[in-house]
Amino acid sequence: MTWLYFTFLFTLAAFFLDLFEGNKITTTEYYGLRNLGFAFVISTVLFVFILYPVSFLLLTIFLNRFLSSFITRIIIYAVAGGLSGIWAFNKLYDYQNDYFIKGYDLNISTSIILFALAGLIYGFFDSYLKKKSLS
């Protein structure tokens with residue numbers, strides 16, 4: 001179940017990142033939401049769906065097994081989300097040595113905030129599901 005939450009939340013974060021930052025890019029060299037439309041969303045869903053087992057699934061298993069503090073788990077999920085936001089930003093916009101980032105004045109903090117928020121919400125869902133399974 002967390003797989004679906006993760007896929008939805010992190011796809012939504014990528015969608016809003018491209019909406020806020022990717023729309024600044026006016027060249028056809030960048031294939032984002034503006035050029036690809038719904039195909040961008042579908043490809044992001046597929047990528048995030050495949051990424052989950054090697055990223056947040058391992059983190060979720062580790063935290064559920066060894067860490068019981070709700071606040072600490074939420075903070076770890078938010079930090080992991082923020083770090084994945086840095087990675088996603090660089091994968092989307094680091095074309096030919098920061099060509100898009102410098103040329104269109106893209107801001108990485110937007111990505112960090114969006115993905116940290118996705119990680120935070122994922123943490124709440126995970127805690128809710130953990131509590132539900134214990135009762």
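**Pockets, surface patch and salt bridges of a predicted model**

Aspartate 105 is placed in the loop between helix 6 (99–103) and helix 7; helices (H or I, at least four residues) and strands (E, at least two) are DSSP runs, numbered from the N terminus. The structure is a predicted model, in which local features need pLDDT of at least 70 and side-chain atom pairs count only at pLDDT 80 or more, while totals for chains, interfaces and linings use all residues. Residues are numbered from 1 along each chain as its sequence is written, and side-chain values use heavy atoms, with hydrogens and water left out.

The phi angle of aspartate 105 is near 55°, which is a positive value in a residue other than glycine. Most residues other than glycine have a negative phi. Aspartate 105 counts as exposed because its relative accessibility is 60%; the term buried means under 20% relative accessible area, exposed over 50%, and partly exposed in between (1.4 Å probe, protein chains only). In helix 6 lies isoleucine 101, which is buried, with a relative accessible area of 16%. Between the C-alpha atoms of isoleucine 101 and valine 41 there are 21 Å, and the two residues are 60 residues apart along the chain.

Empty space was examined next. Rolling a probe the size of a water molecule over the atoms shows where empty space is left. The search used a 1 Å grid over the protein atoms alone: a cavity is a set of points where a 1.4 Å probe fits but cannot get out, a pocket is an open set with protein on both sides within 12 Å along at least five of seven lines, and lining residues have an atom within 4 Å of a point. Grid points are joined across faces, edges and corners, and a volume is the space filled by probe spheres set on the points.

The largest pocket has a volume of about 400 Å³. Its lining consists of 20 residues, of which Phe47, Val48, Leu51, Trp87 and Ala88 are the closest to the centre. Two or more lining residues come from each of helix 1 (2–20), helix 3 (38–51), helix 4 (56–66) and helix 5 (70–93). By class, 15 residues of this lining are nonpolar, four are polar and one is charged; here Ala, Val, Leu, Ile, Met, Phe, Trp, Tyr, Cys and Pro count as nonpolar, Asp, Glu, Lys and Arg as charged, and the others, Gly among them, as polar.

One cavity of 30 Å³ or more is found in the whole structure. The largest cavity holds about 30 Å³ of space, and its lining is made up of Ile25, Thr27, Tyr30, Gly32, Arg34 and Asn35. These lining residues divide into two nonpolar, three polar and one charged.

On the surface, a nonpolar patch is formed by Phe70, Ile71, Ile75, Val79, Leu83, Ile86, Ile108 and Phe124, which together have about 700 Å² of accessible area. Patches are made of residues with over 30% relative accessible area and no salt bridge, like charges being joined within 9 Å and nonpolar side chains (Val, Leu, Ile, Met, Phe, Trp, Tyr) within 5 Å. Accessible areas come from the Shrake-Rupley method with a 1.4 Å probe, and for residues only the protein chains shown count as cover. Helix 5 and helix 7 (108–134) each supply at least two residues of the patch, and helix 5 gives the most, with six. Isoleucine 71 counts as exposed at 53% relative accessibility, whereas isoleucine 86 counts as partly exposed at 31%.

In one of them glutamate 21 pairs with lysine 24, and the closest N and O atoms are 3.0 Å apart. Glutamate 21 is buried, with a relative accessible area of 3%, whereas lysine 24 is partly exposed at 34% relative accessibility. A salt bridge also joins the side chains of arginine 73 and aspartate 126 (2.6 Å, N to O). Arginine 73 lies in helix 5 and aspartate 126 in helix 7, so this pair ties together parts that are 53 residues apart in sequence. Arginine 73 counts as buried at 3% relative accessibility, and aspartate 126 counts as buried at 3%.

Conventions
Salt bridge = Lys/Arg side-chain N within 4 Å of Asp/Glu carboxyl O.
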